[in-house]
Amino acid sequence: MADRKQIPTKTKLRLFSEAAGHCQRPECLQPLFPAEMGGDKHIAEMAHVIPHGETGPRHEERPAGEFEPDSFENLILLCPTCHTVVDKDPDGYSRDTLLGWKYNHLAALAHRQGIRAYDERSHVRCVVAAAMAENKAVWKEFAPSDGSSFEYDPESEAAKTWVQRMRGVILPNHFRIQAIIKANQQHMTEAELQAFARYQEHVRGLSERHVCGVAGGAIRYPAEMDGIFA
């Protein structure tokens, strides 16, 4: 039996980031932090495109030569239902099919969410500002450091609410904002591109902490983002 190693945090973070919090099967695209579960628990499963060892779904498509089953390139993020579907019917869901889902995921998700390129900067500003406003309202009300609602106690109900809002509202909004901006980079100035790069690093750090449980990696939100596309 092949040795099973723990998937590195860096790989998990990249998977969650590139899935933008949604199942990567294009017919599904459901949120992986379901609102009906409070928004603080994820149902994501890291599915292997090619399995460990010489048996399992799609094992006959294993590439020749050195191969790492737990690499980012061989993993796809799915909800439990879709994970079961693709592994129960490997002939219907080939390696190329799964990798195609993964490669085209952000475009499919953007289409589902109505994200598109706009003709005017002002139009981009409107949709970005709406998502930012919701995040700022949640942050002001519930954040343990900058907010004013409570003195932080990880076991308190207020702290649990903060985690729910971070995973169920703030991070999904961040992923959506990133998708909108990436679809409209043709309207950005050089200074805005630099601010956006710092913003993406800010979001990666939040994901690392609130999805993967690794603290200390986030940089502060770049204030320049408040005026983007203005």
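Helix H4 and helix H5 cross in a left-handed sense, and this packing is described here from a predicted model. Helix H5, which spans residues 157-182, also contributes the most to the lining of the second largest pocket, with eight residues.

**H4 against H5**

- Helix H4 covers residues 121-142, and its axis lies 10 Å from that of H5, with the two packing at an angle of about 160°.
- Because an angle over 145 degrees counts as roughly antiparallel, H4 and H5 are roughly antiparallel to each other.
- On the H4 side, the contact is made by Val 124, Val 127, Val 128, Ala 131, Met 132, Glu 134, Asn 135, Val 138, Trp 139 and Phe 142.
- H5 meets these with Thr 161, Trp 162, Arg 165, Met 166, Val 169, Ile 170, Asn 173, His 174, Ile 177, Ile 180 and Ile 181.
- By class, the residues of this contact between H4 and H5 comprise 15 nonpolar, four polar and two charged.

**H5 against H6**

- The axes of H5 and helix H6, the latter made up of residues 190-210, come within 11 Å of each other and cross at roughly 150°.
- That angle makes H5 roughly antiparallel to H6, and the crossing of this pair is left-handed.
- H5 takes part in the contact through Trp 162, Met 166, Arg 167, Leu 171, His 174, Phe 175, Ile 177, Gln 178, Ile 181 and Lys 182.
- From H6, the contributing residues are Phe 196, Tyr 199, Gln 200, His 202, Val 203, Leu 206, Ser 207 and His 210.
- The contact of H5 with H6 consists of ten nonpolar, six polar and two charged residues.

**H1 against H3**

- Helix H1 (residues 9-19) and helix H3 (residues 95-113) have axes that come within 9 Å and cross at roughly 40°, and the two helices are therefore oblique to each other.
- Leu 15, Glu 18 and Ala 19 of H1 meet Lys 102, His 105, Leu 106 and Leu 109 of H3, a contact whose residues fall into four nonpolar, one polar and two charged.

**The second largest pocket**

- The second largest pocket has a volume of about 310 Å³ and is lined by 22 residues.
- Of the lining residues, Pro 31, Phe 33, Pro 34, Ala 35 and Gly 168 lie nearest the centre of the pocket.
- The lining of the second largest pocket divides by class into 13 nonpolar, six polar and three charged residues.

Terms used:
Residues are numbered from 1 along each chain as its sequence is written. This is a predicted model: local features need pLDDT of at least 70, side-chain atom pairs count only at pLDDT 80 or more; totals for chains, interfaces and linings use all residues. Side-chain values use heavy atoms; hydrogens and water are left out. On a 1 Å grid over the protein atoms alone, a cavity is a set of points where a 1.4 Å probe fits but cannot get out, and a pocket is an open set with protein on both sides within 12 Å along at least five of seven lines; lining residues have an atom within 4 Å of a point. Grid points are joined across faces, edges and corners, and a volume is the space filled by probe spheres set on the points. Helices (H or I, at least four residues) and strands (E, at least two) are DSSP runs, numbered from the N terminus. Ala, Val, Leu, Ile, Met, Phe, Trp, Tyr, Cys and Pro count as nonpolar, Asp, Glu, Lys and Arg as charged, and the others, Gly among them, as polar. Axes are lines fitted to C-alpha atoms, for helices over the stretch in contact, and angles run from 0 to 180 degrees between N-to-C directions. Angles under 35 degrees count as roughly parallel, over 145 as roughly antiparallel, 65 to 115 as roughly perpendicular and the rest as oblique. Contact means heavy atoms within 4.5 Å. A crossing is left-handed if the near helix is turned anticlockwise from the far one by less than a right angle, and right-handed if clockwise.
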